[in-house]
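Try each one before you read its solution.

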Amino acid sequence: MRNVLISGASIAGPALAFWLNRHGYTTTIVERAPGIRPGGQAVDVRGTALTVIERMGLMRELREAAVHMEGMSFVDGEGAELFRDTSATLTGGVIDNPDIEILRDDLAGILYEATRGSTRYLFDDTITAIDAETGHVTFEKHAPESFDLIVGADGMHSTVRRLAFGPEQRYLHHLDTYLAVFSTPNFLGLDNWQTFHRHDDRMCGLYTVRGNREARAVMGFFSPPLGLDHRDTETPKRLLEERFAADGWVVPRLLEEMRAATDFHFDAMAQIRMDSWSTGRVTLIGDAGYCGSPLSGQGTSMALVGAYVLAGELAAGEGLAGYEKVMRPFSEANQDFALRMNVWQRNQEGAPPSVDEVSALITLNDYV
């Protein structure tokens with residue numbers, strides 16, 4: 001399996017290409033977007049994933065691009081502060097720990113720069129058909145090709161998984177929560193800070209990024225599955241306007257910024273659970289195979305670790321079976337952690353579960 005096609009150019013895909021290139025493989029990444037996708041929330045690189053970044057030689061780049069937070073606060077509908085915390089934040093955990101909090105698009109850009117010279121990128125295209133037994137692939141725009149291995153690194157709504165394993169409904173487990181993320185100006189003048197407002201079944205907030213020059217807004221609410229098309233952005237915007245219509249604080253301004261944002265992202269909190277991630281010449285990595293939801297705080301770390309393990313097991317001759325054997329206990333522990341976090345967020349009783357319980361559950365073999 002020396003010629004590999006990877007679908008998805010966010011985190012897992014370029015990270016896998018990096019390690020496969022190191023092991024002497026030929027890699028191609030196909031990405032539906034015309035380039036690296038902008039936007040997205042701050043993500044965390046922690047535990048074993050930090051070891052992966054160190055072995056990639058990218059630690060300096062990540063630390064230079066890291067989001068730095070001094071703390072967070074919650075306010076009421078009039079904007080009066082209810083409490084503040086300088087030891088932990090909602091997005092990044094404990095302050096001054098070794099974890100790296102970084103914007104998703106900044107991390108994707110770093111991984112792209114690390115692979116663009118050794119990986120063929122096919123932007124603005126997507127896979128339309130896969131023969132899992134022969135490795136033959138049809139694209140929407142490029143000519144058909146055959147590959148030794150096809151890897152779905154294309155997220156929770158993976159096209160590769162749908163084509164090779166069947167409908168998404170078989171594997172998606174909804175967590176009864178929806179979340180929107182989009183960029184805004186730092187109109188509150190926050191200084192390395194996060195501020196949130198919670199009301200009944202919904203919450204919204206703002207946190208600064210890129211040296212306080214920008215901010216990211218988050219708006220979420222509890223709800224059973226709504227049957228939305230994940231590519232539809234207009235319906236979610238109307239839903240958010242309806243759900244938050246009566247809220248105070250700066251919610252009206254957030255809704256205005258939502259309409260103006262060019263990087264609006266909305267989706268369900270959900271998990272992907274599968275008995276096997278591989279069939280024939282096809283396998284899955286990251287959210288495509290074992291999405292834990294943002295509630296796990298480990299999605300990015302699972303993607304980075306999964307890329308390292310898959311490439312290492314292939315190079316060591318253990319193949320896809322070896323990859324699943326090493327990664328499955330780690331991915332399942334993170335998914336179970338997310339379920340506990342979901343219960344805690346709804347009840348707000350006692351201390352929240354700590355992601356540290358699972359972030360170091362996997363020990364990496366030194367494949368390179």
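Partly exposed means a relative accessible area between the buried limit of under 20% and the exposed limit of over 50%. Keep in mind that this is a predicted model.

**Exercise 1.** Work out which class Arg210 falls into, and do likewise for its partner Glu214.

*Solution.* Start with the contact: Arg210 and Glu214 form a salt bridge, with their closest N and O atoms 3.2 Å apart. Next, take the relative accessible area of Arg210, which is 24%, so Arg210 is partly exposed. Glu214 comes out at 25%, so Glu214 is partly exposed too.

**Exercise 2.** Find what the salt bridge between Asp105 and Arg216 connects.

*Solution.* First, check the distance: 3.5 Å from N to O, inside the 4 Å cut-off. Now place the residues: Asp105 sits in helix H4 (residues 104-115) and Arg216 in strand S17 (residues 214-222), so the pair ties together parts 111 residues apart in sequence. Both Asp105 and Arg216 are buried. Finally, look around them: a network of salt bridges links Asp105, Asp106, Arg210, Glu214 and Arg216.

**Exercise 3.** How many salt bridges does a search of the whole structure find?

*Solution.* The search turns up 25.

Methods. Residues numbered from 1 in each chain as written. Predicted model: local features only at pLDDT ≥ 70, side-chain atom pairs only at ≥ 80, totals over all residues. Heavy atoms only, no water. Salt bridge = Lys/Arg side-chain N within 4 Å of Asp/Glu carboxyl O. Helix = DSSP H or I, 4+ residues; strand = E, 2+ residues; numbered from the N terminus. Buried < 20%, exposed > 50% of the residue type's maximum accessible area, 1.4 Å probe, protein only.
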